[in-house]
Amino acid sequence: MRVPPSPLLRATAVLALASTMLLAAPATLALSESRRFSDFAIDNWTVAEGLPQVAVQSLAQDGDGYVWVGTQASIARFDGVHFEVFDRRNSQGLDTSMAEASYRARDGYVWFGTRGGALRVRSAEITPFTTAGTALPVQSISEWPMGRMMFGTSRGLYRLEGAQLVQDSMAGADISALLQDGATLWIGTVGRLIRREGQQTQSIPLPGGEDVRITQLLMDGGVLWMGTSRGLWRLGASGIPERHAPDPELATLPIESLCADSGGSVWISTAPNLFRRKSTGQIERMGGKEFVRNPWVNACFEDREGNLWLGSQTESLFRLWDGLVSRLTDADGLTDPFIWALEEDGQGGALIGSNSGLMHYRNGRIDTVAQGHELPNAAVYELARLPDNRLWIGTRGGLRERSAGRLTTPKGAERLDGLQVNSIVPSGEATWVGTSGGLFRHTERDGFQPVGEGAFEGVAERVRSLLPLDDERVLVGTEDGLWLVDGSGISVPDWARGLRGRMVTSLLRLPNGALLAGTLDSGLLLAAGERGLMLDERAGLPTLNVWALRLHDDWLYVSSTEGLYRLPVASIPDPTSADQVSTIPASWVISMTGRDQTGQRARCCNGGARSRALLVGDELWLPSISGVLRVDLASIGSVGAEPLVHVESVTHADHRQLPAQGEMRIDDALRDVRFDFTALHFRNPSALRFQYRLEGYDRDWIDAQERRSAFYTNLPPGTYRFRVRASDERGHWVQSGNAMSLQVVPRWLERRDSKIFLALAAVVLLMLTAAAALRRQRLRTQRLEQLVAERTALLQRSNERLEQANAALSVESQTDALTGLPNRRAVFQQMPGMLARHPEGVVLALVDIDHFKRVNDEYGHAAGDLVLRDFAHFLRRVTREGDMLARWGGEEFLIVFAGLPDDAVPARMTRLIDDGKSLHFDLGRERPLYLGFSIGWTRHPLGLTPQSDWAHALELADAALYQAKASGRGTWVGLAGGSDMHDTALGPHPGQRVAELVGKGCLQWHNLRGRLAPVPKESKSR
């Protein structure tokens, strides 16, 4: 779309070169050549995440940091979280399909070559450039000389002059590749390579390749690489093109894409495979096993953060980055990748227990130590190094010792045959062993002796974890809680009674002497002195499953079935002084679920015994079913490119305005606006947290958490400036380089000159009235009485007309013109009276039509108005007499239910959802349109909250509506009072403190499904 120039746009152009230099600088986090492809973190986005079409044909990053994606259907802009699609519907009818070529120019703009010419894009601005006459497809784009745009077409080389593409040279030539290299322009065509410097042109034929078409050009390390319709070529020091075929496939198949990363590698794609040519000349092939089958990568580039982006014809969009994880797999020599146990060997290496034996790793080499048939059971479940360089091997069927290269059976170990060994912990002269058949204590004199026979019953007999306190006392974690074994017998400490019925998987002593107990499904128990404190989801733990606990550099690392997370040791509370726990800042390091978490996606972790995590220097080794995961702890939170923060737009009514378009001016009765913003940080977008501020309105920054939009309602007159800032995973704040200006024009009655005029008019009217009264007094009594009677009758009729006019005006100002429902002003007018009539309280429910934006986009605003009117009729039918129904704004409606008890609310909301399932809208098309809706509700007042604070309580209904949207739409979610609400008042902005109020027991969720999404202050972006 074309945007008229503005002072701010001109200022942006001045800064374009600086931003381009920033983005063009070498990436500091490039892909490491030392990593295998299988060790890279790989993210994938498809149409399910918002891409307009599956086939990605071109990629580029603009000067603001956005990644632009060209597909067969249209182009899209990506900020790491959302795709914004630009097609005919929102680009003034421009054809953005088949964007097969792309180029990022020095001024920060991205160019796309399409079948109809070229498109220049940046921000939300799209400008087309075509040739005069018949449309000409653009196949390649470059700049030469500095700043002049050149375009390769099937009919020769074109250049940009003004708003048109005009013929430059090589008329009739099929130019499929362009590359600018300093003062040189390289041109690829059929059978030859053209070198152009100034007015000098050199034609270089491809020996034996007269019908070979050059489609890709790349200059790397002084070598010009050529991707062609028949394999890979290069132009070396000899100046003669030659085939380069380190892999047979690269000698014959068409090269679909070529790019280089700043780590020294060249990436080459054919349809069946992706190749990496390292700086050493070594070729690595990535086919179906390492990547995806037939990846067909059409485009690739490295962004400012060192991420490598790949556009696939069949699998959409990929991002590759180094990540934190490398693996030991069967490719490294593991005879079985199903790993259970890990233990150091005392010489810088590691012992690895698998499902079929024991292996040893040192200096990159893996050797088999004991095969499965040599052990009581092939699965090596637990490992422990004892004094005198002895190794105890616990299996799922007994225990053996390895010493001096021989396997032996320790004295009395026959008693453990058939038992699963879960924990081996030496302490002084004794060694404690926890098994599936109870607890044993071993000494050289007595061998293995059972401890507490008969005391552990049922699942408590299955010992999972041990923590010796001294030679005679040990804490024992079982599948039925935690026990203390000492000289006086076996007991359950008072602080551990809450663990009965729970599997205790791990035990750890913290540096301050406190104890941590991990559980299978209940989080962590923190104990000190005689007190214990449970840490679960209310304390901010991302999962309740715990396998292993390890301390490293002031961090506690916790492995689980869902991955590995960490939390700062300093944030762990003191259980002797804390009855309730504030949120602990836990964060994922690796995660099974991927981008919805802050950590790298990786399959992890096996658990169930003691040796489930091993610290090797700054690496944490974890067992998994696909080998050993090695997590580089030193690289967590490493400094990289800081986020690029942008205010994207402001929306008022149906008008969206960009910062580059200058100040938005609001001069009507509706003063509700939405600001959209983002931050470009592709390495970890989920870790970004936002704050915004409307200067002239907000006194301080407002927390938005992960939300990327802000809403303001009924703004007073004034001049405002909206700014945003974002913090990354290190807590480093970056403020946006741009801002959005907004002016709200005062209404006539709000202007100062109008107020002065009305005051003067009132004074004059009073003076005239007084003068008239004096004159009337001097009239004769009869005339005075007659005149008073006439004036009284006239005044009565005037008052009646005035009351009628005022009543009509009041009804009109409090009625939504489209739906006929009361509007927001009417709600504020009527709510005090309704609360006075119902002192027992009311239920506030926000109802929002799902996917309403799609109606306006696909059918037009007239259809959207029809849907809103019909939906209002539906709500009138299903609400009761005495309830209040109003249009709250946009596609959102407010229902205030009176006389509805707590136990009847869920059924009422469910019935409302069910009634709407048959709701359809006749838009004059072949089939009616079916739309669902979502509901968020709360009760008012809650606890000691004043009745007048109903607008604060409405924030809770909005937060519940946000959760209903996040849960998949077409449902309801409630947020009502909890057990501890009776002596508490909500206070201002409770929507920003939902998690805190729920954690304190003041609020509780109803019908919440799945993981809780962060509740924003307001939630219009649904």
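Is Tyr697 buried, partly exposed or exposed? At 39% relative accessibility, Tyr697 counts as partly exposed. The model described here is predicted.

## Aromatic pairs

The ring of Tyr697 pairs with that of Tyr712 in an edge-to-face arrangement, with 5.6 Å between the centres and 85° between the planes. Tyr697 is in the loop between strand 62 (689-695) and strand 63, and Tyr712 is in strand 64, so this pair ties together parts that are 15 residues apart in sequence. Tyr712, at 5% relative accessibility, counts as buried. Both tyrosines belong to a cluster linked by ring pairs, whose members are Phe675, Phe677, Phe690, Tyr692, Tyr697, Tyr712, Tyr720 and Phe722.

A second ring pair involves Phe828 and Trp950. Their centres are 5.1 Å apart and their planes meet at 55°, so the pair is tilted. Phe828 belongs to helix 5 (residues 824-837) and Trp950 to helix 9 (residues 950-966), so the contact ties together parts that are 122 residues apart in sequence. Phe828 is partly exposed, at a relative accessible area of 45%, whereas Trp950 is buried, at 6%. Across the structure there are 35 aromatic pairs.

## Arginines over rings

Two arginines lie over aromatic rings. The charged end of Arg566 sits over the ring of Trp555, at 3.5 Å from the ring centre. Arg612 lies over the face of Tyr381, and here the distance to the ring centre is 4.4 Å.

## Salt bridges

Side chains of opposite charge can pair when their charged atoms come close. The whole structure contains 52 salt bridges. One of them joins Arg708 to Asp79, with 3.4 Å between the closest N and O atoms. This pair links distant parts of the chain, 629 residues apart. Arg708 is in the loop between strand 63 (702-705) and strand 64 (709-712), and Asp79 is in the loop between strand 4 (75-78) and strand 5 (83-86). Arg708 is buried, with a relative accessible area of 10%, and Asp79 also counts as buried, at 5%.

Arg610 and Glu343 form another salt bridge, in which the closest N and O atoms are 3.4 Å apart. Arg610 is in the loop between strand 54 (600-601) and strand 55 (614-616), while Glu343 is in strand 30 (residues 339-344), so the pair ties together parts that are 267 residues apart in sequence. Arg610 counts as partly exposed at 25% relative accessibility, whereas Glu343 is buried, with a relative accessible area of 11%. In the salt bridge between Asp902 and Arg939, the closest N and O atoms are 2.4 Å apart. These two residues are 37 residues apart, with Asp902 in the loop between strand 70 (892-898) and helix 8 (905-916) and Arg939 in strand 73 (residues 933-940). Asp902 counts as exposed at 52% relative accessibility, and Arg939 counts as buried at 10%. Elsewhere, salt bridges with shared partners join Arg36, Asp39, Arg327 and Asp332 into one network.

Strands of a sheet pair through backbone hydrogen bonds, either parallel or antiparallel.

Phe301 has Trp309, in strand 27, as its bridge partner.

## Pairing around strand 13

Strand 13 (residues 164-169) pairs with strand 9 (residues 125-131) in the parallel sense, over two bridges. Leu165 in strand 13 is the bridge partner of Thr131.

Strand 13 also runs antiparallel to strand 12 (residues 156-161), and five bridges join these two strands. Val166 in strand 13 is the bridge partner of Arg159. Strand 12 and strand 13 form a hairpin with two residues between them. Gly162, in the turn, has a positive phi of about 65°.

Definitions and conventions:
Residues numbered from 1 in each chain as written. Predicted model: local features only at pLDDT ≥ 70, side-chain atom pairs only at ≥ 80, totals over all residues. Heavy atoms only, no water. Salt bridge = Lys/Arg side-chain N within 4 Å of Asp/Glu carboxyl O. Helix = DSSP H or I, 4+ residues; strand = E, 2+ residues; numbered from the N terminus. Buried < 20%, exposed > 50% of the residue type's maximum accessible area, 1.4 Å probe, protein only. Pairing = 2+ DSSP bridges. Phe/Tyr/Trp six-rings, centres within 6.5 Å; stacked < 30°, edge-to-face > 60°. Lys NZ or Arg CZ within 6 Å of the ring centre and 35° of its normal.
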